[in-house]
Amino acid sequence: MLNRRNFLTAAVGVAATAGLAACAKEDSSSTGSSSGGSDTITLGFSQVGSESGWRSANTDSVKSAAKEAGYKLQFSDAQQKQENQISAIRSFIAQKVDVIAFSPVVVTGWDAVLKEAQAAKIPVVLTDRSVESDESLFATLVGSDFTDEGRRAARILEKVLEKAGHKGDVKIAQLEGTTGAAPAIERAKGFKEVMDADHADDWKIVVTQTGDFTRAGGKQVMSAFLQSNPDINVLYAHNDDMGLGAIQAIEAAGKKPGKDILIITVDGVKDGFIAMSEGKINAIVECNPLLGPQLMDVVKKVHAGETVERWIKTEESDFMQDQAKDALPTRKY
Ligand code: GZL
């Protein structure tokens, strides 16, 4: 797994030959000046999909920031399929866009298409999620430290357990994100680091499975969890949407979310805060989706051939249940 902490500040340089143009399924919307004059930056952006509230907020941020920056945006929604992202990137290469940015749905399988972009002398910027590829194939990553989010989730669970006066073993159900996606791999890794170091004798992940970052997935998998492990007393969901789906399953099973089963989620979308204010989620680890402005800034620098840092992080906080009501009015997504 690419260790973001080892990223060094490095000059951005790319060399290229023509890439193949595959017909990508474009859900493209162009913003910025319609003429796309020679001085207007044309940005090809391949988005994972529209699987969660976080993703919708991220898409809105990218589109509004591109408009604000006056860029011509070619936007493609991959519907969570890697082949659609690869097709879209090939289409951007064929269109000779100035810069390509994308949020890779999974960490592997990108070398070939990234080499085609490099051969076409088109710089690539990763946003949100990272890849396991040769670091020379992309200029930078604009996004969060998911391993740290996993550690933060474990640390805030310690506070939630104390606040709840929990006694006895902690039997954890884990709803993982999309299999092979950086946030799923790293949020599990960070949580396990803390568990192994400080809770080897009292915490146990009794069941873990992907809910694919969706509400439907969270509800379906949590329902199965409750059948096989009725004594679960904690849920760690890799995003709010799976947590919200799980809440439906928990209530359908006649249990109280936030009481019978303590719930920790990641993201911090508005619906997550509403559930937290209703006492159904106990704590949220924020993962900021509003990456648009930082992305557009780095696109401009990369296009100009400037040196950029290998990892541009976002600011994030963590919220306990008693902070939800006060925080809601100012939540931006
Ligand atoms: C995290 C992002 C994840 C969110 C999910 O940066 O990639 O994907 O946590 C989203 O809500 O589906």
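In what order do the six strands of the open sheet follow one another, and is their pairing parallel or antiparallel? The order is β2-β1-β3-β4-β5-β11 and the pairing is parallel, where strands are DSSP runs of E of at least two residues and helices are runs of H or I of at least four, numbered from the N terminus, and two strands pair if DSSP finds at least two bridges between them. This is a predicted model, in which local features need pLDDT of at least 70 and side-chain atom pairs count only at pLDDT 80 or more, while totals for chains, interfaces and linings use all residues. Residues are numbered from 1 along each chain as its sequence is written, and side-chain values use heavy atoms, with hydrogens and water left out.

**Sheet and helix**
- The edge strands, each pairing on one side only, are β2 (72-77) and β11 (311-312).
- Strand β1 (residues 42-47) runs parallel to β3 (residues 99-102) and is joined to that strand by four bridges, and Gly44 has Ile100 in β3 as its bridge partner.
- Helix α2 (residues 82-94) packs on the sheet and touches β1, β2 and β3, its direction making about 170° with that of β1; contact means heavy atoms within 4.5 Å, and the angle, on a scale from 0 to 180 degrees, is taken between N-to-C directions of lines fitted to C-alpha atoms, for helices over the stretch in contact.

**Ligand surroundings**
- Of the 13 residues around the ligand (a heavy atom within 4 Å), Glu51, Asp128, Arg129, Arg187 and Asp267 come nearest.
- Ligand oxygen atoms lie 2.7 Å from a side-chain N or O atom of Arg129, 2.9 Å from one of Asn239 and 3.0 Å from one of Ser52.
- Taken alone, the ligand exposes 320 Å², of which the protein buries 100%, with accessible areas from the Shrake-Rupley method with a 1.4 Å probe.

Notes:
Polar contact = N/O pair within 3.5 Å; in protein donor to acceptor, adjacent residues only side chain to side chain.
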